[in-house]
Amino acid sequence: MTYTVLGRCHRTGRLGIGIATFSITVGRYCYGVKSNAGVTVSQAFANERNNALALRLLTQGFTARSVLQQLMENDPYAQYRQIGVIDRSGMAVAHTGPHTRGWSGHVVGENYVAFGNGLVGPDVADAIAKGFLAEPDADLEHRLLMGIEAGRNAGGQGTRERHKAERSAALRVYSKDAFADIDLRVDLHETAVEELRRVWNEYKQYEAYYRDRERNPSGAKGQEEFMKTLRAAEA
Amino acid sequence: MTYSIIGRCARTGRLGLGITTFSLAVGGRCEGIAAGIGVCKTQAFPNRTNDPLGIKLLAEGFLPARVMEMFAANDSEHDYRQIAIMDREGRIAAHTGSGTRGWSGHQVDTDCVAFGNGLVGPQVLAGLIAGFKTRPDDALEYRLMRAIEGGRDAGGQGNATTHKPERSAAIKVVDRLDYPDIDVRVDVHPTAVEELRRVLEEFKLYEEFYRERGRHPSKAIPQDVFVANLKARRAQEPTSLPPHALRGEVPT
């Protein structure tokens, strides 16, 4: 009961995760992304240790394929896991264990993995990939969000008869720093994908302001003053 | 316009950070926490490079006070930053630069440090510390939550005439693993502290289920069944059954 897109921007090398699921606070599982190393998510019956191990292996220079193999050899329950990995070169691989529940599967191409479990069918994974690939030169956060929304629009989680609500969602993108460029979450909500879009639309207006305030504090406007300029621009 | 608490559980050595602010998605700027190493949080006009660097320096073995000196030497705008650092033994260093806006300050106590800027006054820091100390044997995440609520109840952000809303909030707690035990967030909300309490309480109901599902997948019940069981228990006790009761624990 999760659908996810991992992506790498072919222009910039930025790496990111877009994810939505029935479980709450899914963002806490999304620490598996690091600048110039790679990106990974383990889901379904998630092995929470996997992401940290995978990041260390990616940092050491192992390929995505090799990292995935090592994760599986290290886990007696690999058959219950669903794992995606992209390395810094863009090699993308995935594993969907036979014991994950509901319709489960992945679509993999250079620079992306679209994967999920407990979905209404394979068209959800296809739609995520299509959404991600629709605007290949756009910013990665936009592409990841398009992927997730396309997955939702294709039916998302559950069965044809009964949709399962997305209760949490997250969007994380790393560029070159030791901290995330974009790190947004919805932890507990009835329509988390819509809420993630709202959070992103709101946050993106502040993004440049926050960055500039940090770098040039002596010249920074107060946040309320900045918000007045936002409102003026809207009007 | 932020108030925060860094705390350590003396019993378990768990380390945590609780924060709330007017800015959006503050939880996305809280990467400075690592199990068995320490916590570092830079705010006001934050220098984002500080926190990852601080964790590396603490891991090398430098004292928080020494890390702070290195931050000062490494940053031409150090006067605009507000920084608190705690190591795994509970040693603390704090800095409130003269360029931070509104009422700003920090207060250090045993195993905790409260710090904030753009606040109604020093009573907010006292509220944070008092909240943290109310029930010292509780799990660290609850102590951090109570601290934030204590800061809010003491007036929080703004000035004597205008309250500034808390629009985002977060709690993170690390124990011994590579990833946090507790990592709950509210990114855009008109009353983020209240919403964070709601998210935390809900997460605590699922915490063990999620952990066990990952560790013993062949025995895991489907989440639907788990959710239905939760609902049934809530229906039995409609008068807002507290989470510890839902988890089957005896209240202390």
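Just past helix 4 of chain A, G155(A) adopts a positive phi of about 120 degrees. The model is a predicted one, with local features needing pLDDT of at least 70 and side-chain atom pairs counting only at pLDDT 80 or more, while totals for chains, interfaces and linings use all residues. Residues are numbered from 1 along each chain as its sequence is written, and chains are lettered from A and ligands numbered from 1 in the order in which they are written.

Helix 4 itself covers residues 140-153 of chain A (helices are DSSP runs of H or I with at least four residues, strands are runs of E with at least two, both numbered from the N terminus). Its 14 residues reach 20 Å from first C-alpha to last, close to the expected 20 Å (1.5 Å times one less than the number of residues). Of these 14 residues, 12 are buried, so the helix is largely enclosed by the rest of the structure; among them are L140(A), L144(A) and I148(A). Buried here means 20 or more other C-beta atoms within 10 Å of the residue's own, exposed 12 or fewer, and partly exposed in between, with C-beta atoms placed from the backbone.

A154(A) sits in the loop between helix 4 and strand 9 (168-174) of chain A. A154(A) counts as buried because it has 20 C-beta neighbours inside 10 Å. Leaving aside residues up to four places away in sequence, A154(A) touches D123(A), V124(A) and A127(A) (contact means C-beta atoms, placed from the backbone, within 7 Å). The C-alpha atoms of A154(A) and A127(A) lie 6.4 Å apart, with the two residues 27 apart along the chain.

Conventions: Contact = placed C-beta atoms within 7 Å.
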